[in-house]
Amino acid sequence: MQWDPNDVVDPRVSAFSEWWINLKDHETLEARSGVYLFANAKYDIKYIGTAGAGGMVEGIRDATNRKKSKGATQVRALYTNSAEKAQSLKKYLLKKYDPINNRK
């Protein structure tokens, strides 16, 4: 399923990366808590992950090393004010997008 831009107005989202960036440039993202999304060039969501406080860059690196970025070329960050809000947002987004790389 393609990215829905309305997801950035979710009340759990306190800020977000301005737009999608190349997955290889993920270290330019802020080191905050939140949810990150991997997508292909058509903005089809391939993976959704969470990051605890200060863990956005490391979380993306770890997911990439675990091959969760298969089929993805871009990443976007949705920042939250807590790990709890990030988990809640991730649960909602997983149900909405059902990304292939989150399936077991």
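Rings of Phe, Tyr and Trp (its six-membered ring) pair if their centres lie within 6.5 Å, and planes under 30 degrees apart count as stacked, over 60 as edge-to-face and the rest as tilted. A pair of aromatic rings is thus described by the distance of the centres and the angle of the planes. The structure examined here is a predicted model, in which local features need pLDDT of at least 70 and side-chain atom pairs count only at pLDDT 80 or more, while totals for chains, interfaces and linings use all residues. Residues are numbered from 1 along each chain as its sequence is written, and side-chain values use heavy atoms, with hydrogens and water left out.

A search of the whole structure finds seven aromatic pairs. One of them joins W3 and Y97, whose ring centres are 6.4 Å apart with planes at 15 degrees, so this pair is stacked. W3 lies in the segment before β1 (15-16) and Y97 in helix α2 (residues 83-97), so the pair ties together parts that are 94 residues apart in sequence. Both partners are buried (under 20% relative accessible area, with exposed meaning over 50% and partly exposed in between, for a 1.4 Å probe and protein chains only): W3 has a relative accessibility of 8%, and Y97 has 4%.

The rings of W20 and Y43 have centres 5.9 Å apart and planes at 45 degrees, so they make a tilted pair. This pair also links distant parts of the chain, 23 residues apart, with W20 in the loop between β1 and β2 (21-22) and Y43 in the loop between β3 and β4. W20 is buried at 7% relative accessibility, whereas Y43 is partly exposed at 28%. Together, W3, W19, W20, Y43 and Y97 form one aromatic cluster.

Y43 brings us to the strands on either side of its loop. Strands pair if DSSP finds at least two bridges between them. β3 is joined by six bridges to β4 (residues 45-51), and the two run antiparallel. They form a hairpin with five residues between them, and Y43 in the turn has a positive phi of about 65 degrees. On another side of the picture, six bridges also join β3 to the antiparallel strand β5 (residues 74-79). G34 stands opposite A51 in β4 and opposite Y79 in β5. Six of the six residues of β3 (residues 34-39) are buried, so this strand is largely enclosed by the rest of the structure. G34, Y36 and F38 point one way from β3, and V35, L37 and A39 point the other way.

A positive phi near 65 degrees is also found at K67, a residue other than glycine. K67 sits in the loop between α1 (56-65) and β5, and at 65% relative accessibility K67 counts as exposed.

The largest has 14 residues, of which W3, L37, I45, I48, L78 and L93 touch the most other members. β3, β4 and α2 each give two or more residues to this core, and α2 gives the most, with four. A second, separate core of 13 residues includes Y36, F38, M56 and A72.

Notes: A nonpolar core is a set of buried Ala, Val, Leu, Ile, Met, Phe, Trp, Tyr and Cys residues joined through side-chain atoms within 4.5 Å.
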